[in-house]
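Visitor: I am new to this structure and would like a close look at a single part. Could you take me through the positions listed under "binding site" and show how they sit together?

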Amino acid sequence: MHGRPRKASKPEEEAASAAKAVKLRSLQSQFMKNHHDKIYTEEAIELSTKLLEINPEAYTAWNYRKLAVEDCLSRIDSDPNLVNSIFDEELRVVESALRQNFKSYGAWHHRKWVLSKGHSSIAHELKLLDKFQRLDSRNFHAWNYRRFVVELTKRSEQDELQYTDDMINNNFSNYSAWHNRSVLLSSLLAQNADGFMPNERIPDEYDLVHSAIFTDPDDQSGWFYHLWLLDQTLNVETPLLTSSWPSHGSTIILSGAGCLNGSSSKFTTFCSESGSFPLILYFDQAVGGVSSSTVTIDSELKGNEDLVWEPISYKNSQVSCVWVTHLKYVSTDLCEYKVKIRVGNSPGIVSSRGHNFRAPYEFVFTAHVHDTVKDSQEGIVSWTDGFDIWDAKSKDLNSLITLDQLQAEIDFKWRQEAIDSEVECFGILSDSKIGKLTLARLLMAREAMVSDDAVKGVRYEEILQLYNDLMALDSSHYQYYKDEHSVAFLHKMTSSSESLSRHLFRYRGMNNLVCLRLNNLSLSRIASVEKLLFVQMLDLSHNELHSTEGLEAMQLLSCLNLSHNRIRSFSALDSLRHVKQLKVLDVSHNHIGKHSVDTTRYLCSSPLSNSEWSQDDVGRQNPGLVTKYWDAYFVLRDLNLKQLDIAGNEISGNEFSSFVLQVVPKLVWLDGQKLGN
Amino acid sequence: MSETAVSIDSDRSKSEEEDEEEYSPPVQSSPSANFEKDRHLMYLEMMYELLPYHYQSQEINRLTLAHFIISGLHFLGARDRVDKDVVAKWVLSFQAFPTNRVSLKDGEFYGFFGSRSSQFPIDENGDLKHNGSHLASTYCALAILKVIGHDLSTIDSKSLLISMINLQQDDGSFMPIHIGGETDLRFVYCAAAICYMLDSWSGMDKESAKNYILNCQSYDGGFGLIPGSESHGGATYCAIASLRLMGYIGVDLLSNDSSSSIIDPSLLLNWCLQRQANDGGFQGRTNKPSDTCYAFWIGAVLKLIGGDALIDKMALRKFLMSCQSKYGGFSKFPGQLPDLYHSYYGYTAFSLLEEQGLSPLCPELGLPLLAAPGI
């Protein structure tokens, strides 16, 4: 493999290509010699021009020219005419190289280099770009260069927007033009530039994209732009508080360890050994800066002056939708306390995109501290019996799922109108797959904006039907639709207290704990958790779940049934590590251990570095087992489980059971068997 | 193709394409329905012996072409067809070294040259006058060494890693060569893969590279080569594979804790899936024709985020078959002559599809799956 030319079949071709190769080789070697000896004479530079005209890919030659230009400039004492002629020559060489191959990275970069030296004529550059973009309207080098020139010369974004108009009118399939349009508009909308107020501008953009979509519904460009527009319509920059536990106006009952003394209260009861209870704030987007200075708490509960707020997310991230702190109480002080929370009291809560939580929000709840009976026996939790139907007439539920700071603050009218008109528009396109999908997304967005109880939730049936149709029509993307179907189902279920109460039970075995039963619903994804923060017992058995993502917000959860799902590994249970109250976990009859996980890569990089486990007892005593079951180890050691069911998975067996006992020494029940001592 | 292995758009020089049109055979009436392993082997062995003149403008990328051939042979289960020692010696002969410790601080990068023509001799003072070490060539050199089973811990990588930092920019991106050059995601990926293969992250500031990558995600879910640019299959691969190599995203991102993930995986999934066109192949950008290499660039991203089950594999296979040359190798578009770049990414794509008899793929390195470093 030494780059010798292949023998061509005809003699004249052979001669021609041989001559070509000889010429290139000799040019190349002369050029290399010049470069090596730092020769920057006119002839030497001319030689590199020739080389680049034949082969624009020769980046060494581009770099040589940069050195040559610097050398020339140092010799001519900044005579403006000479300087200009030197740079003009560079631009000319680039242009002819681009004619040879307009995808040459080196040539485009050389041009940028010349321009960044302060030598440019915007008119000329734009004319050149027009020429290239006419030849290939999708050339991303040209589009990138265009953005570079615009920024360098401070050309107005409005003028550039006009250019995308022209390109789109010329060919609406040109996604590069749509892309540039979205970049420009994002910037103009963010500045609230004249004529670019979202409520005025976005409806016009919908009209524009309709003309593309309705001309050719099979073209993706318009659909992507439509998705972006929908995002702009829904996207409220200011972060808002979506829900909390305890919620506004609610009453909770607190007690110490064990069971409550003979109470069958209708209120939410929370038992804790540590004498504290969680306070959860759920925001509509990830925020940072939740602290005892941005959230003030006014109550007679003692010892809660310097609360530590934690984001519920990956360990290094300081932003999250969910924030939690723990309020202390003294279980012997039988009393009723009012607790007043003020969120955003002082500025500092900021969304990950940099927008401030603007409107302070206040809510109040009542906490009863009750007497407790110590040392209830550690009975096994059964998922098959002991459940009473929830009293649907109970008014408690309303206060449990009252949502807090919603639409009131925000200008929703134009957004609702825009979505309404889109829904109407896409009703007629709904026989195509993308038409159905768009309609389903629009309807979901519309439902999220409804605050009037009378019309709330009326369109969920339609959404579910659309996703059912899509699953049947487009089997290759079945799982995607399935997930969306699950999300819509859960939104529907939580949209009213009536529909939610159908799934609520009380579990006698544990002090009438509120149990939400969502079994046998073929759910593949979890959603609407912000409305389920009060749930302490959750039955998700016999579904199609792959992971527990989302459950981390349910800080009160103490019993969870995930049996008969599609969990493939312990790392899919990662989010449970944040649920510190969890005592009972059933993951029996899943696929854990069926698919081997490539552990080698984890031993060399995160998340499980050797130093992390080699220091604790299990890691020291049993490095082999930890290596083998690293994903189980990583999750289980952070939980305080009393009861675990793991049977019916590939991973289960004697070896794994003994490993579990080492990692979770406090475990009482394993696979239905009471453990010794 | 530009100067890199991760060159995205397979942009070959125009003269080359003209040549191809000239010799273009009639479109095969019925492309083979099978992966013709023996023909591919023949094709690669032929290329190993002698490169056709079409590649002369690629002289500068000699190591890259060698990587496609040698790693390609490994995918076909024929790594024994190359002489390991000869290849290792040849590859190592391209490595650049500083003349002394002091010059490590001179801002240059001491990696691998792309070819002999960019390799200058040391002058009479013992100085390396023109150091053309390039990130992409360095990635390819290490890839070849890794694939042939050369122990990477034996090579002198200290100066390589220390000097690579010189290429990283304030925004976290990398230039490919110390003299200067375009900075974009391709070279962030090269740097990450180099650190990963050498099992040392001393060559880069991971955190700032991560931030650069995140700045490249577009509103549609894909990644552009530079911040603000249009989503592109190759750039998206560079972004996701780099994040994986650096340990910022884990396996099966989609079914894990994606709400707190640093990127938006469901939007990315959506974008990737929409790149599978009606003909079954993958396109690099919206409304572009399907192209063999994106079966790998996008397919590997889907694999990395745990969304590969959603690929229409039958349709993809059918498209790739229409790009399989009867002489062995794969072409960019159906019915054209094959080239090394598209052949290699054809093999990686078939490995992703778990074709029998092909080595399994390590998607984040774009190489056959081998033992991880340090094991």
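Predicted model: local features only at pLDDT ≥ 70, side-chain atom pairs only at ≥ 80, totals over all residues.

Guide: Residues are numbered from 1 along each chain as its sequence is written, chains are lettered from A and ligands numbered from 1 in the order in which they are written, and side-chain values use heavy atoms, with hydrogens and water left out.

Under "binding site", the UniProt record lists D291(B), C293(B) and H342(B); the record's positions are given here in the numbering used for this model, feature names are shortened, and annotations may be inferred rather than shown by experiment. These residues span 52 residues in sequence, yet no two of their C-alpha atoms are more than 8.6 Å apart, so they gather at one spot.

C293(B) belongs to helix 11 (residues 292–305) of chain B, whereas H342(B) is found in helix 13 (residues 340–352) of chain B, where helices are DSSP runs of H or I with at least four residues, numbered from the N terminus. C293(B) is buried, at a relative accessible area of 0%, and H342(B) is likewise buried, at 0%; buried means under 20% relative accessible area, with a 1.4 Å probe and protein chains only.

Between the side chains of H342(B) and D291(B) there is a polar contact of 3.2 Å, that is, a pair of N or O atoms within 3.5 Å, of which, within protein, one must be able to donate a hydrogen and the other to accept it, while residues adjacent in sequence count only if both atoms are side-chain atoms.

Definitions and conventions
Helix = DSSP H or I, 4+ residues; strand = E, 2+ residues; numbered from the N terminus. Buried < 20%, exposed > 50% of the residue type's maximum accessible area, 1.4 Å probe, protein only.
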